[in-house]
Amino acid sequence: MHQTIARVAPVEPRAPTIAGFSVASWSFALRIWLATLLALYASFWLELEVPSTAAISVAILALPTRGQGLDKASFRLVATAVGVAASIAIAGIFSQTGGLLLAVYGVWIGLCVFAAAMFDGNRAYAAALCCITVALIAIQQIDSPQLVFPTGVARGAAIAVGVLALALVNDTLAAPDYHPILTGRLEFLHQQVADYVERVLRGERIAAMTTAAVLRDIAAVRPELTGLATESSSGLARHAAASTVLVDLADAVSLARSYETLSAADPAIVNGSGKDSAAVCRTWITESLRRNGVDISNSLDALRTGTYPARHWQAPLYRSGSIAVESGVRAALQFTLVAALFVIAGWPSTEISISLVAVIIGLGATSPDPRMFTLIAVVATPIACVVSGILRYFVFNGVSDFLLLAIGLAPVVIGLALLISLPNGLLSALGRLTLVFTLAILAPANPQSYDPQIYVLTCFFAFLSAVLVFAAQTLISPSNSDRRLRLLLREARRELHTMDVDQSSSLTTAEAIFRDATRIGQIVAAKGVSASDDRRIQEAMRYFDEAATLQRSRAELQRLPSGALIQPVNDALSALASRNGRAIVEAALTLREAAAQQRIAASSAYAALVLSGVTFAFEQPASIATEAR
């Protein structure tokens, strides 16, 4: 793990480009255009009620690799079924309750946003889609509850057509698999972590922010693992191998942090458990890092070959209940506020506007910054209105011909798909939203509607809905970075204090460390730019170190044979519970002497205890201690 690694990556030949976009981007855009046409053609042939929903599904599932698209499609189908069931239930129970019905919709939206905040990746998208489905089915039929069921069936059928069309095009045109891309990312992270470990073993002091950024990069890969499972018959094996690599990488960073803390600790504290204690701890850490490096290499080989790793770790996610509850409550209040304004105004097509409000709030729940997402929606909506108007009244101009539709959509779909393929997150999100809104406003049908009044009202209320959601989010703003930081740090402190009491977790030591690493990633994502935020990062890393050493110490103590060492083991557990560094070091010495008398090998438990003692005895800067209080 700590072998010399070149820090300069080899320069790869630049991929050929066409008009500034790579060949892979053009291939992706072409596949999306063909899948959109296939979805529309099949919907027209089947005479579906809402053929545009099939095309919109293709735009939403527009992802560069086959595995990612299939994974998101599976979650989309499941979430649609849940949303249809919820729509039927809500409409059936509350259809005659007047204003209470909107309040129930607000509660449902809040619950969905809460669930989205408790997950990541496509699971969060599925939770948000449950809210969106209710918006597009039940809310749009708020005055006609008897139409909820047929509308839900029609939407489900159109989504299935879109999913099948995209899957067929991706398979026919050999869309790239995702596992080679993910393998490359994990190999790069492996090199990055190995370089980090090498620097620590050389005696360099690494800033807490640098370590936190490494953990963030590791945790950021987790949401992408689900795309492996649906990619091929070996997808589950590759998913297991990739998750094991991530957990071992986080474990390696944690071990390196322990080595760094040991090097900077007070020698009097370290030597309190024996003159050779520092050497024993260093030997244990380096041997653990060596085994860790071998395990990572083996898991990467399993990922490449599509076989199960010798040892499978889960990659759990840290879920902040406090942040999720606040997000859900804010979303419910924002929806209720905007919906009340539309009801009071008494404008026509109010139900469509209210449903669009729920859609924007639901989609924003999957974004790190809901207000920024809504702002992008505010920008994308007029662009989509202009593009759809040009197509409707200048390109098609009263003609209902599928060939003309295919030709007219080509520059729009291909151009926006190229924008989606860009690595810039803002431009990619703008391209996706513009494509989705364009297809929604254009609403391709057979025959095509050319009523200018419907077009103007649709554009007006779509833009107004986005603006009002942005205004509501300004009035009832999402949690700011400072608030999220304080909540995450408070939860980390509480978990550290109750770790000895709560033994219900089924996670292994490495899995628990990875879970804490995902929280570090969330803290880094919420970090602002002030000096106090840097101190909070240091505080968060200290909690991470302390929790990791406690977990390792308890795990090593549990491996010791019961009976002869029961009293020194209990004393060590009591010392760990006290969080007193010197007491833990003394308990380690007592355990070592008792094990030597009984001729029991306990060097691993001894080293883990000494490292825990050193970690808790390490002097904490006053600024951080004050911040913690």
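Modeller: Let us begin with a pocket: H18 supplies 7 residues, the largest share of the lining of the second largest pocket. Helices (H or I, at least four residues) are DSSP runs numbered from the N terminus. The model is predicted, so local features need pLDDT of at least 70 and side-chain atom pairs count only at pLDDT 80 or more, while totals for chains, interfaces and linings use all residues. Residues are numbered from 1 along each chain as its sequence is written, and side-chain values use heavy atoms, with hydrogens and water left out.

Colleague: How is such a space found, and which residues lie nearest the centre of the second largest pocket?

Modeller: Rolling a probe the size of a water molecule over the atoms shows where empty space is left. On a 1 Å grid over the protein atoms alone, a cavity is a set of points where a 1.4 Å probe fits but cannot get out; a pocket is an open set with protein on both sides within 12 Å along at least five of seven lines, and lining residues have an atom within 4 Å of a point. Here the second largest pocket holds about 1400 Å³, a volume being the space filled by probe spheres set on points joined across faces, edges and corners. Its lining has 44 residues, with Ser52, Leu136, Gln140, Ala440 and Ala443 nearest the centre. By class there are 29 nonpolar, 10 polar and 5 charged residues, where Ala, Val, Leu, Ile, Met, Phe, Trp, Tyr, Cys and Pro count as nonpolar, Asp, Glu, Lys and Arg as charged, and the others, Gly among them, as polar.

Colleague: What lines the largest cavity?

Modeller: There are 4 cavities of 30 Å³ or more, and the largest has a volume of about 60 Å³. Its lining includes Leu489, Asp516, Arg519 and Tyr543. Helices H19 (481-497), H20 (509-526) and H21 (531-559) each contribute at least two lining residues. The lining divides into 8 nonpolar, no polar and 2 charged residues.

Colleague: Which residues touch the most other members of the largest nonpolar core?

Modeller: In soluble globular proteins, nonpolar side chains tend to be buried together. A nonpolar core is a set of buried Ala, Val, Leu, Ile, Met, Phe, Trp, Tyr and Cys residues joined through side-chain atoms within 4.5 Å; buried means under 20% relative accessible area, exposed over 50%, partly exposed in between (1.4 Å probe, protein chains only). The largest core has 99 residues, and Ile32, Tyr105, Ile109, Phe335, Phe342, Ile361 and Leu409 touch the most other members. Helix H5 (residues 121-139) gives the most to this core, 12 residues. A second, separate core of 90 residues includes Leu246 and Leu576.

Colleague: How many aromatic pairs are there?

Modeller: Rings of Phe, Tyr and Trp (its six-membered ring) pair if their centres lie within 6.5 Å; planes under 30 degrees apart count as stacked, over 60 as edge-to-face and the rest as tilted. The structure holds 6 such pairs. Phe44 and Phe402 are edge-to-face, because their planes stand at 90 degrees, with ring centres 6.2 Å apart. This pair joins helix H1 (residues 23-46) to helix H16 (residues 402-420), its members being 358 residues apart. Phe44 is buried at 16% relative accessible area, whereas Phe402 is partly exposed at 27%. Tyr41, Phe44 and Phe402 form one aromatic cluster.
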